[in-house]
Amino acid sequence: MIDYNILEQFVTFYQTGTLRGTAKKMHISQPALTRNMQKLESEFKVPLFHRTKNSISLNETGLLAAEDAAMLLKQTEIMLQRARDFDRACRIIRLGSCTPAHVAEIIQRITSFIPTASISSEVKDVPRLLEGIRDGTYQFVLLPFCPKDDNLSYKKWGEEHLSFLLPKRHRFARRKHLSVSEMNGENMLLFQDIGFWHDLVVDKMPDSRFLIQTERYSFLELVENSTMPCFATDSFRDIFPGTSPAADRITVPITDPEFNVSYYLACRNEDQCKLKALFQ
């Protein structure tokens, strides 16, 4: 059986052309390298080198063997990498969510069951989540409705209710609740990274202009210091950790059913066994 390390030294000699260069690159002494090349030659049972008093080089058979050895080492590296990637993929749990709310909670629950698991998460629109759970991109997805698919298992995972966050002097500040149509046409502050809520709000309020903010700090500063209405949910602290709606604003619930959702954590039936405890 040919030693893998000696085969690496042989290929390195083929690439460098000298024992000195090979020894330096492979961190081995020249006498040890010479012995290893002799051992390799005996394994092949044919001459691989031209030898003179002061030099050594590959003969035609040695060149052929070295080219094949280089291909073999490359294939071995590919084999090892594929095995490592597959093992890593088996231990990575990919979560897709329609909202940043609840993501931290789900990750915490998963790691409590599988402490060694690597978890990746991202917020995507609902069509991409449904496509991703069906094609295996995600092991779990958080949806704002109960999926009607016999191939999916699911569990209800909390609720979220959108409200208007109004300045105290706003004309609707004394209302106990509001419909979206009543606020349609108002200029609104809107944070971009709120998942499916962003597209829903823009779609349902076509006559409103939105000052969209991509930075959390800038958005919260505007909430504190401007008089523009904005939105808040009962998961406000999940999206903006360590914060709460501004003290000089009034929270008015939205009555439209689309803005009061129940979340469902879904997975393919064959994946349910991976985290069965999540679905109990």
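Good morning. The model is predicted, so local features are taken at pLDDT of at least 70 and side-chain atom pairs at pLDDT 80 or more, while totals for chains, interfaces and linings use all residues. Residues are numbered from 1 along each chain as its sequence is written, and side-chain values use heavy atoms, with hydrogens and water left out.

Helix H2 covers residues 19-26 and helix H3 covers residues 30-44; their axes come within 9 Å and cross at roughly 105°. The axes are lines fitted to C-alpha atoms, for helices over the stretch in contact, and the angles run from 0 to 180 degrees between N-to-C directions. H2 and H3 are therefore roughly perpendicular to each other. In this scheme, angles under 35 degrees are roughly parallel, over 145 roughly antiparallel, 65 to 115 roughly perpendicular, and the rest oblique.

Which residues bring H2 and H3 together? From H2 there are Leu19, Arg20, Thr22 and Ala23, and they meet Gln30, Leu33 and Thr34 of H3. Contact here means heavy atoms within 4.5 Å.

Helix H1 also packs on H3, at an angle of about 105° and with the axes 10 Å apart. That angle makes H1 roughly perpendicular to H3. On the H1 side, the contacts come from Ile6, Leu7, Gln9 and Phe10; on the H3 side, from Leu33, Asn36, Met37, Lys39 and Leu40.

His27, in the loop between H2 and H3, has a phi near 55°, a positive value in a residue other than glycine. Lys45, in the loop between H3 and strand E1 (49-51), is not a glycine either, and its phi is positive at about 65°. Are these residues buried or exposed? His27 counts as exposed at 74% relative accessibility, and Lys45 is exposed with a relative accessible area of 70%. The terms are set by relative accessible area with a 1.4 Å probe and protein chains only: buried is under 20%, exposed is over 50%, and partly exposed lies in between.

On the surface, Ile2, Phe44 and Val46 form a nonpolar patch with about 200 Å² of accessible area together. Such patches are made of residues with over 30% relative accessible area and no salt bridge; like charges are joined within 9 Å, and nonpolar side chains (Val, Leu, Ile, Met, Phe, Trp, Tyr) within 5 Å. The areas come from the Shrake-Rupley method with a 1.4 Å probe, and for residues only the protein chains shown count as cover. Ile2 is found in the segment before helix H1 (4-16) and counts as partly exposed at 34% relative accessibility.

I turn now to salt bridges, defined as a side-chain nitrogen of Lys or Arg within 4 Å of a carboxyl oxygen of Asp or Glu. By this rule the count comes to seven. One of them joins Glu41 and Arg51, whose closest N and O atoms are 3.0 Å apart. This pair links distant parts of the chain, with Glu41 in helix H3 and Arg51 in strand E1, 10 residues apart. Glu41 is buried at 14% relative accessible area, whereas Arg51 is partly exposed at 42%.

Another salt bridge is formed by the side chains of Lys156 and Glu159 (3.0 Å, N to O). Lys156 is partly exposed at 41%, and Glu159 is partly exposed at 38%. A further pair is Arg175 with Glu182, at 2.9 Å between the closest N and O atoms.

Finally, the interior. Gly96 lies in strand E3 (residues 92-97) and is buried, with a relative accessible area of 0%. Which residues does Gly96 touch, leaving aside its neighbours within four places in sequence? They are Glu122, Leu129, Tyr138, Phe140, Val141 and Leu142.

In helix H8 (residues 196-204), the buried residues include Phe196, Trp197, His198, Leu200 and Val201. The buried residues of H8 pack against strands E6 (152-167), E7 (188-191), E8 (210-213), E9 (230-233) and E11 (260-268).

Thank you for your attention.

Methods
Helix = DSSP H or I, 4+ residues; strand = E, 2+ residues; numbered from the N terminus.
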